[in-house]
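Biologist: Could we go through this structure together, one part at a time? I would like to understand what each residue tells us.

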Amino acid sequence: MTSTMGTALVTGASSGIGALYAERLAKRGYDLIVVARNRGRLETLARRLGDEGGRRVEVLVADLADKADVHRVEERLRSDATITLLVNNAGVGATAPLLEADVEQMEEMVTLNVNTLMRLTYAAVPGLVSRGGGTIINIASIVAIAPELLNGVYGGSKAFVLAFSQSLQHELKDKHVRVQAVLPGATATDFWDIAGLPLEHLPSQIIMPAGDMVDAALAGLDLGEAVTIPALPDAEDLARYEAARQHLMPNLSHSAAAARYLAS
Ligand code: NAP
């Protein structure tokens, strides 16, 4: 039977945060399309979720750094009218500083973390708008606002995700499309090994179990948050940060330079 919640398409669902989103969303009653490169892991997940909850789970194998594969996923997002939720989660990180990093790897990271996320969002939004609404969850990172912590290209790619999400929240708010940016801190997944800094090298008090992170992010979605930072103890801190940003806005563009830049 088709789900009344509709279908959620989750990228990077073969492991870590994406696999947990798929699991939690199936429990919430969504049918699923799970996307990643590793067919074996996706099929195991799809079987488990199908057995446990009876939801329809479809595997869509795609390398989201490959243009032709991205086009196939875009096509699905454009043509499947059951889709109500897109989770843009697939992403890779890096921890090396510029002097030790490989620029080809940096470009690949930008392709996946920025270009693909942007293209899939562009493919999904028109259908969501024409069907009266929907939800986009974009997985950014705390490095979006703290780029000094890891590799700068990774931080920049996640700052893009946050800025793009904020712009869409503004653009789409009257069209019933919700956009949530999630900024996880260090989360216990394979991400760290792949990024070149094994989790054991981080202080354990900053690492959140991935299930707790996803549950908090979904709680933030339920609360109607535009930006969710699962670890942040006091929501007022984020509200003050946002208020300071809004305070700057009317003064960022004027016909004359500020007095402090004018020769006396
Ligand atoms: P993960 O366990 O390594 O998962 C990454 C997922 O992305 C995997 O399912 C992987 O699947 C998929 N992926 C990677 N390259 C891909 C490609 N070219 N095409 C398709 N899928 C691809 O790491 P994770 O922590 O869950 O990461 C998920 C997201 O959370 C990322 O965007 C990451 O930047 C963000 N994040 C993570 C942390 C953290 O501390 N873990 C913190 C903040 C933000 P395949 O290998 O099967 O393709």
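**A strand residue, some loops and the ligand**

Modeller: Let us begin with N88, which is found in strand β4, residues 83–88. Please keep in mind that this is a predicted model.

Biologist: Is N88 buried or exposed?

Modeller: N88 is buried, because its relative accessible area is 3%, and buried means under 20%.

Biologist: Which side chain does the side chain of N88 join in a polar contact?

Modeller: The partner is T121. The polar contact between the two side chains is 3.0 Å.

Biologist: Let us turn to the ligand. Which residues come nearest to the ligand?

Modeller: There are 31 residues around the ligand, and S14, R37, L64, Y154 and T189 come nearest.

Biologist: How do the residues of that shell divide by type?

Modeller: The shell around the ligand has 16 nonpolar residues, 11 polar ones and four charged ones.

Biologist: Which helices each supply at least two residues of the shell?

Modeller: Those helices are α1 (16–27), α5 (152–172) and α6 (191–195). The element that gives the most to the shell is α6, with three residues.

Biologist: Which polar atoms lie 2.8 Å from an oxygen atom of the ligand?

Modeller: One belongs to I17, where a polar backbone atom is 2.8 Å from a ligand oxygen. Another is a polar side-chain atom of W192, which also lies 2.8 Å from an oxygen atom of the ligand.

Biologist: How much of the accessible area of the ligand does the protein cover?

Modeller: On its own, the ligand has 880 Å² of accessible area, and the protein covers 94% of that.

Biologist: And what kind of space does the ligand take?

Modeller: The ligand takes the space of the largest pocket.

Biologist: You mentioned W192. How far apart in space are Y241 and W192?

Modeller: The distance from C-alpha to C-alpha is 28 Å, and Y241 and W192 are 49 residues apart in sequence. Y241 has its place in helix α8, residues 235–248.

Biologist: How accessible is Y241?

Modeller: Y241 has a relative accessible area of 46%, so it is partly exposed. The partly exposed class lies between the buried limit of 20% and the exposed limit of 50%.

Biologist: Now the loops, please. Where is H176 found?

Modeller: H176 is in the loop between α5 and β6 (177–182). H176 counts as exposed because its relative accessibility is 58%, and exposed means over 50%.

Biologist: What is the phi of H176?

Modeller: H176 has a positive phi of about 60°, although H176 is not a glycine.

Biologist: Where does Y30 lie, and is it buried or exposed?

Modeller: Y30 lies in the loop between α1 and β2 (31–36). With 12% relative accessibility, Y30 counts as buried. The C-alpha atoms of Y30 and R56 are 8.3 Å apart in space, while the two residues are 26 residues apart in sequence.

Biologist: And what about G196?

Modeller: G196 is found in the loop between α6 and β8 (208–209). Its relative accessibility is 54%, so G196 counts as exposed.

Biologist: What separates the C-alpha atoms of G196 and G220?

Modeller: A distance of 30 Å separates them, and the two residues are 24 residues apart along the chain.

Note on methods
Residues are numbered from 1 along each chain as its sequence is written. This is a predicted model: local features need pLDDT of at least 70, side-chain atom pairs count only at pLDDT 80 or more; totals for chains, interfaces and linings use all residues. Side-chain values use heavy atoms; hydrogens and water are left out. A residue is near a molecule or strand if one of its heavy atoms lies within 4 Å of it. A polar contact is a pair of N or O atoms within 3.5 Å; within protein, one must be able to donate a hydrogen and the other to accept it, and residues adjacent in sequence count only if both atoms are side-chain atoms. Accessible areas come from the Shrake-Rupley method with a 1.4 Å probe; for residues, only the protein chains shown count as cover. On a 1 Å grid over the protein atoms alone, a cavity is a set of points where a 1.4 Å probe fits but cannot get out, and a pocket is an open set with protein on both sides within 12 Å along at least five of seven lines; lining residues have an atom within 4 Å of a point. A molecule sits in a cavity or pocket if more than half of its atoms lie within 2 Å of its grid points. Helices (H or I, at least four residues) and strands (E, at least two) are DSSP runs, numbered from the N terminus. Ala, Val, Leu, Ile, Met, Phe, Trp, Tyr, Cys and Pro count as nonpolar, Asp, Glu, Lys and Arg as charged, and the others, Gly among them, as polar. Buried means under 20% relative accessible area, exposed over 50%, partly exposed in between (1.4 Å probe, protein chains only).
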